[in-house]
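Please examine the sequence and the model shown here.

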Amino acid sequence: MTMLISKIKDAEKIIRKDMTKEGIRQSFLSNLHYSLAKDEFTTTSHDSFTALAIAIRDRIVERWITTQQSYHQQNVKRVYYLSLEFLIGRLLGNNILNLDLEDETKKAMEDLGLDLEKLRDQELDAGLGNGGLGRLAACFLDSMATMGIPAHGYGIRYDYGIFRQKIINGYQVEAPDEWLKLGNPWEFARPEYAAVVRFYGDTNVYHDQFGRLRVAWWNTQDVVAMPFDIPVVGYSNDVVNTLRLWSARSSEEFDLAYFNSGDYEKAVYDKMFSENISKVLYPNDSNVLGRELRLKQEYFFTAASISDIVRRFRVENKDFRDFPNKASIQLNDTHPALAVVELMRILIDEELLDWDTAWDITVRTFAYTNHTVMPEALESWAVPLFERLLPRHMKIIYEINARFLREVANAFPEDHERLRRMSLIEERDPKRVRMAHLAIIGSHSINGVSQLHTDLIKRNIFRDFYELYPERFNNKTNGITQRRWLKKANPKLSDLVSKMISDKWVTNLDELKKLETFSTDRSFQEKWRDVKRQNKIHLAQMITQTNGIKVPMDSIFDVQVKRIHEYKRQVLFALYIISEYLRMKDSSKEVHSPRTFILAGKAAPGYAMAKLIIKFINSIAEVVNNDRKVRDWFKVVFLENYRVSLAEKIFPASDLSEQISTAGTEASGTGCMKFMVNGALTVGTWDGANIEMAEAVGEENIYAFGLKADQIQEIRRQGYNPSAYIEKSPMLQRVLRMIRNNFFSYSEQGIFEPILNNLEGPDPFLICADFDSYCRIQQKISKDYLDQETWTKKTILNVARSGKFSSDRTIREYAKDIWDIQVEGRK
């Protein structure tokens, strides 16, 4: 019997390892029957997706186990990437691609009468992020696996991710994002590695039997952090890393005493209360309970992650002084900054190390990536809330602060104002804990995400820290994974490129440089334009299906897709759309190139102005799209529920990429890079990564406009007056007058007054100052688009010179400069 079982297992293993069409087909059918208990009469489309996902997952698992065994056996140094967001999107197509199984899988499904693309569309996006922060984390995981870097991602397994956006009467309406309602075939529960996370309670200072000063944290409310692992597949290298997501569980599932007494709600209250922690991404923090839940989330996942990292270290190591040689922890923004304090707590309270030794270990372990240049966006927490929720951690923070301020005082004697600015505790009512300061003090590396961003944080918001620790600050310009955003998202362009220069660019984006040779080749240009046209047809069909709008195929697809925020200046784009509409109404003979304006993005539920901007855009669209005089030339489209899978359809079809944030406000931006690698030209300000893109591609191949960061700083210093710019711009006056006269809001009079008041009053993001410059560059774009040979040459050069903006390059710099991990030679 034992021999028979062994033979059966061997046979199953062979099938699950088989990378051929027949092997995948057999696995698919076996999964339908045995894993899902379905036959030809009961199988749904989602069942077919799940059966295929399990078949692909089976081919990942052995590589995953082998990779992890190798890491353990070699006792390698590992990178731990802590992020509150991981916007991983759909995984079926990405995993098939990275396993190099596209052709075999497609043929296997065709043999069964199934369409692989339709099966991929059955997968719900894992909406575990809000925007660039989470998508960057996902790109980094892909790059680390592809480059063979031993890495683990840590985050939260939200029951409901970023909300599902609906547009009703032009307004954003939020609906729950039930991404787990049909299950997740990619995850594995790991209850054996569950961690207990403590909240509230009391602290007690005492001396132990050896006379050492100790602190006990007791009478706590405990929550269980349940880990779920998702494999992260490297491209064609048999490396599989891990994304571990934590889900909150009550330490007490059910209180029988309450149940027996008839109090059925109280019997399960603790369970519901505990599990709220991982219910939703970014709960509304406009009220006290919301803020407390946000802080709970941050501590929950950082405490569970640090516990897991320490557990793994203990398996093969004993001396904690060696911890920084085995673990490098990267903090993706300040959300995981509490990890600094949690590691100190473990080293002092549990490992009984002295303070100086523990602090040295902590600083050498952590590195911090900053993602903002705006002081008002820096995270802080009220001390009373902190003391109540995490009393032990508050005491450690006070001690860190006292020792740090002593260091500052020694370095800058009698500079009391500097002490106030640099303190971990902001002296307000109530006092607040500055999380960015904690991350900086507790890390050996602080990096910005574009050169301008890094320069700005050194000169402005973190200047004091830079003067104290200049060696800690460095730049790591963001990047994107070309495997997701070119090879997977744009297979037609990917195939064309690979036929011309080979497919080495998939793991070395600098190889695209070879395309420069073909930038003026008319035959190649024609093929290039044909690919773009096919992608535009595909997107246009989707727009017709979802929005009921037929867009002109020969128009410029002018696109702004990103989180809705005032500093990203969707309002500037909207004002230009109105100005172009007016110009067409004045004389349609002057139209150089028809336009389709495409926008998408979500506004935070509590951000009233951002939600009004969405309504503003949709109101403009309603008027423009129904105006008989312009509708054949001119369309405005707002695509609802922007997400990774939708972005993969938009980028390949785009002609023009709108990157128009106020100079000095966007840390980097990665959407600009996704457009670039898909052959869209950029119209943008001198902000974030736009500057480095202009340097890479040549200023003649990008459309830059507007004030620069230093000019804006000087204007603000002198006192910015938007009315002066309005008076000098007849077109801007007309546009504002139309809005004031309710041209776009006849049935809802005055609803756009807040936007008008913002523009004519403080205009905090200098929309009025940049309006005329923006309109001029747009007129140039319209004329340039008519010369298709020159336009195509520019688009080819943009792709050819996009090599710098691969996340592989970014990760290589992190590994060399921050993590001290060798990349070369590691498979």
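Predicted model: local features only at pLDDT ≥ 70, side-chain atom pairs only at ≥ 80, totals over all residues.

The lining of the largest cavity consists of nine nonpolar, three polar and three charged residues. Two or more lining residues come from each of the elements α4 (92–98), α7 (132–146) and β11 (221–233). In total, the structure contains six cavities of 30 Å³ or more.

Attention now turns to a sheet. Three strands form an open sheet in the order β15-β17-β16, and their pairing is antiparallel. Because β15 (380–382) and β16 (425–426) stand at the edges with a single partner strand each, one side of each has no neighbour in the sheet. Strand β17 (residues 432–434) runs antiparallel to β16 and is joined to it by two bridges. Within β17, arginine 432 is the bridge partner of glutamate 426.

The last element considered is helix α35. Residues 807–819 make up this helix, whose end C-alpha atoms are only 16 Å apart, whereas a straight helix of 13 residues would span 18 Å at 1.5 Å a residue. At the N-terminal end, serine 806 caps α35, with a side-chain oxygen 3.0 Å from the backbone nitrogen of aspartate 808. The buried residues of α35 are Ser807, Asp808, Arg809, Thr810, Ile811, Tyr814, Ala815, Ile818 and Trp819. Aspartate 820 follows α35 and has a positive phi, near 55 degrees.

Key:
Residues numbered from 1 in each chain as written. Heavy atoms only, no water. Helix = DSSP H or I, 4+ residues; strand = E, 2+ residues; numbered from the N terminus. Expected span 1.5 Å × (residues − 1). Buried < 20%, exposed > 50% of the residue type's maximum accessible area, 1.4 Å probe, protein only. Polar contact = N/O pair within 3.5 Å; in protein donor to acceptor, adjacent residues only side chain to side chain. Pairing = 2+ DSSP bridges. 1 Å grid on protein atoms, 1.4 Å probe; cavity = no way out; pocket = protein on both sides within 12 Å on 5 of 7 lines; lining within 4 Å. Points joined across faces, edges and corners; volume = space filled by probe spheres on them. Nonpolar A, V, L, I, M, F, W, Y, C, P; charged D, E, K, R; others polar.
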